[in-house]
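Me: I am new to this structure and would like to learn how to read its features. Please start with pairs of charged side chains.

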Amino acid sequence: MLVRDAAGGLETLMLRRNAAGAFGGMWVFPGGRVDPEDGEGEQGARRAAVRETIEEASLVIDPAVLVPFAHWTPPPITPKRFSTWFFLAPAPTGVVAVDGQEIHEHIWVAPADAMRLRDEGQIDLAPPTFVTLHKLSQSRDVAAALADAAAGPVEYFATRIAKAATGEPVAVWHGDVAYDGGELEAVGARHRLVMVHEQWTYQRD
């Protein structure tokens, strides 16, 4: 996630992917798969993040400034499961330029505005992106966001999907009362994303 300070507060760069392929048509942070030449583990993910940001947005970042933010694993039911590192970095100087093929559009947007646009049906987001935007929305500026991420620890999310009695899907994570097979409606801790079509709500206590 590349972030910058703006008059209204922190903004992050988001890209709209081509309708074909993984995450087709969704708005995402710059990034992509780790190629063999990138290496393995976190260091390989860092190199991939740098390479993909150049390819997708024409921005050059120093891998040393990337701050580990979170690690995500999709639910077992997902046809293609991507183990994904999220890194945070201050946006470099330069003009964003997308290729018009893999990436079709870009915006600099306040995290809260991006979540609102999803609820209004103007953009599509994946659950990890929404949760990340929710966390970023709590930082007043880039310095605060970077300090919070650097303080750690890096959080690991292994998503599980449940269905509420009313039918809407609910993404559940560690610490939730339903994470290890409990009932969604049971009394207890919440760590989930309730995905009602008109409004996604991240709950954590």
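Reply: A salt bridge is a side-chain nitrogen of Lys or Arg within 4 Å of a carboxyl oxygen of Asp or Glu. This is a predicted model, in which local features need pLDDT of at least 70, side-chain atom pairs count only at pLDDT 80 or more, and totals for chains, interfaces and linings use all residues. Residues are numbered from 1 along each chain as its sequence is written, and side-chain values use heavy atoms, with hydrogens and water left out.

Me: How many salt bridges does a search of the whole structure find?

Reply: Side chains of opposite charge can pair when their charged atoms come close. Here the search gives 17 salt bridges. One of them joins D38 and R51, at 2.6 Å from N to O. D38 sits in the loop between strand 3 (27–28) and helix 1 (41–57), while R51 belongs to helix 1, so the bridge ties together parts 13 residues apart in sequence. Helices (H or I, at least four residues) and strands (E, at least two) are DSSP runs, numbered from the N terminus.

Me: Are D38 and R51 buried or exposed?

Reply: Buried means under 20% relative accessible area, exposed over 50%, and partly exposed in between (1.4 Å probe, protein chains only). D38 is buried, at 5%, and R51 is buried, at 18%. Both belong to a network of salt bridges that links R33, D35, D38, R51, E52 and E55.

Me: Which parts of the chain does the pair of R16 and E105 link?

Reply: The side chains of R16 and E105 form a salt bridge of 2.7 Å, N to O. R16 is in strand 2 and E105 in strand 6 (residues 103–109), distant parts of the chain that are 89 residues apart. R16 is partly exposed at 21%, and E105 is partly exposed at 37%.

Me: Which residues have the most contacts inside the largest nonpolar core?

Reply: In soluble globular proteins, nonpolar side chains tend to be buried together. A nonpolar core is a set of buried Ala, Val, Leu, Ile, Met, Phe, Trp, Tyr and Cys residues joined through side-chain atoms within 4.5 Å. The largest one here has 33 residues, and M14, F69, L88, W173 and L193 have the most contacts inside it. Elements giving two or more residues to this core include strand 2 (9–17), strand 4 (67–73) and helix 3 (127–136). Another core, of 14 residues, lies apart from it, with L2, I61, F87 and V96 among its members.

Me: What does M14 touch?

Reply: Contact means heavy atoms within 4.5 Å. Leaving out residues up to four places away in sequence, M14 touches residues including W27, F29, E105, I107 and L133.
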